[in-house]
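Student: I would like to learn how to read salt bridges, cavities and surface patches in a model. Please take them one at a time.

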Amino acid sequence: MKYALSINGGGIRGIIPCTVLASLEQQTGKLSRDIFSYVAGTSTGALLAAGVAAGIPASEMLKVYTEKSKDIFKPSGILSTAKQIAKGYKYEPVNLHRVLFEVFDKAATWSMNDSPIGICLSATAANGHNWFFVKDTRQNAKTTGNVKLIDAATASAAAPTFFDHWDIDIPRPWTPSKVSFFDGGTGGLANPAYECCVEMFEFDDFTPQDTRLICLGTGYYPNADNPPSGLIPTIEWATDTLVDSSMDWVDKAVQRQWPGVAKKYDWLLASPVSMDDLSGIPALILAGQLAAKQFNWTQALGS
């Protein structure tokens, strides 16, 4: 049996699935890369998926959220709001890229093709087309295999109104040399489970009969019945909703197309936490610890 991992978007809420993966590694004494043969992710899920592929312990990735978020989400407070109004975004994606470069160490120079396991990171081009950064295989178009792993992860995490776009040079003659990307969630791919299955079963050597897909959410809180009030709350509501609204139908589509392959896990939050709300980190750490304590990996990985 082969195991695959899909991780949703959700910004700082990536703390929760990261903590659950850290628990898996502590229980088994193995890296997540040694357990999963394929990983997929969008936005914060793409950062985690790239970390898994690079062989970075989940406990180290957790420090990116708890210790380095302030280096990514800057400036903060009223300065970030002023920048959002003036430029249309709060944060520079180069700060995220710089943190990934430091954390990934030798793997910071890897291309997608260098990943020792299958991987799919989703992003949305400025022209609205969805892109899936994967390794080159004999069955696909061999378009993204030479793209740097941390470039693909940064592109997938560049949520509009939060981050500016991220440019990637695509080394193929029939595409523009430079393509501008935003968060894959803006293209309806906040939950990458369906595309993960497509890539595994249509363009790689996996079969539904011998594969189990573990889908991890980043926590959720039911939307309020009342609409937001004010420009900035409305912008943040629109972006969060755009990223989150696609998740449920993806799970249903996977179940219809490949029944029994996927198992979905997500966790109800005690209060809403925006994708860049660093004040929510302590609550998310507690939520992650509780999720990890209750998570039964033996059952999840059972056939």
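**Salt bridges, cavities and a patch**

Tutor: Lysine 264 and aspartate 251 meet through their side chains in a salt bridge (2.8 Å, N to O). Lysine 264 belongs to strand E8 and aspartate 251 to helix H10 (residues 247-257), so the pair ties together parts that are 13 residues apart in sequence. This is a predicted model, in which local features need pLDDT of at least 70 and side-chain atom pairs count only at pLDDT 80 or more, while totals for chains, interfaces and linings use all residues. Residues are numbered from 1 along each chain as its sequence is written, and side-chain values use heavy atoms, with hydrogens and water left out.

Student: What counts as a salt bridge, and how many salt bridges does the count come to?

Tutor: The rule asks for a side-chain nitrogen of Lys or Arg within 4 Å of a carboxyl oxygen of Asp or Glu. By this rule there are 5 salt bridges. In one of them, aspartate 276 pairs with lysine 90, with the closest N and O atoms 3.0 Å apart. That pair links distant parts of the chain, 186 residues apart: aspartate 276 is in the loop between strand E8 (262-265) and helix H11 (281-294), and lysine 90 in the loop between helix H5 (77-87) and helix H6 (93-104). Helices (H or I, at least four residues) and strands (E, at least two) are DSSP runs, numbered from the N terminus.

Student: Is aspartate 276 buried or exposed?

Tutor: Buried means under 20% relative accessible area, exposed over 50%, and partly exposed in between (1.4 Å probe, protein chains only). Aspartate 276 has 10% relative accessibility, so it counts as buried. Lysine 90, at 5%, also counts as buried.

Student: Which residues line the second largest cavity?

Tutor: On a 1 Å grid over the protein atoms alone, a cavity is a set of points where a 1.4 Å probe fits but cannot get out; lining residues have an atom within 4 Å of a point. The second largest cavity is lined by Cys18, Leu21, Glu25, Ser32, Leu48, Gly51, Val52, Ile56, Ala58 and Met61. Helix H1 (15-28), H2 and H3 each give two or more residues to that lining.

Student: Which residues form the nonpolar patch on the surface?

Tutor: A patch is made of residues with over 30% relative accessible area and no salt bridge; like charges are joined within 9 Å, and nonpolar side chains (Val, Leu, Ile, Met, Phe, Trp, Tyr) within 5 Å. Here the nonpolar patch consists of Tyr220, Tyr221 and Leu268. Tyrosine 221 has 39% relative accessibility and counts as partly exposed.

Key:
1 Å grid on protein atoms, 1.4 Å probe; cavity = no way out; pocket = protein on both sides within 12 Å on 5 of 7 lines; lining within 4 Å. Areas by Shrake-Rupley, 256 points an atom, 1.4 Å probe, with all protein chains shown as cover.
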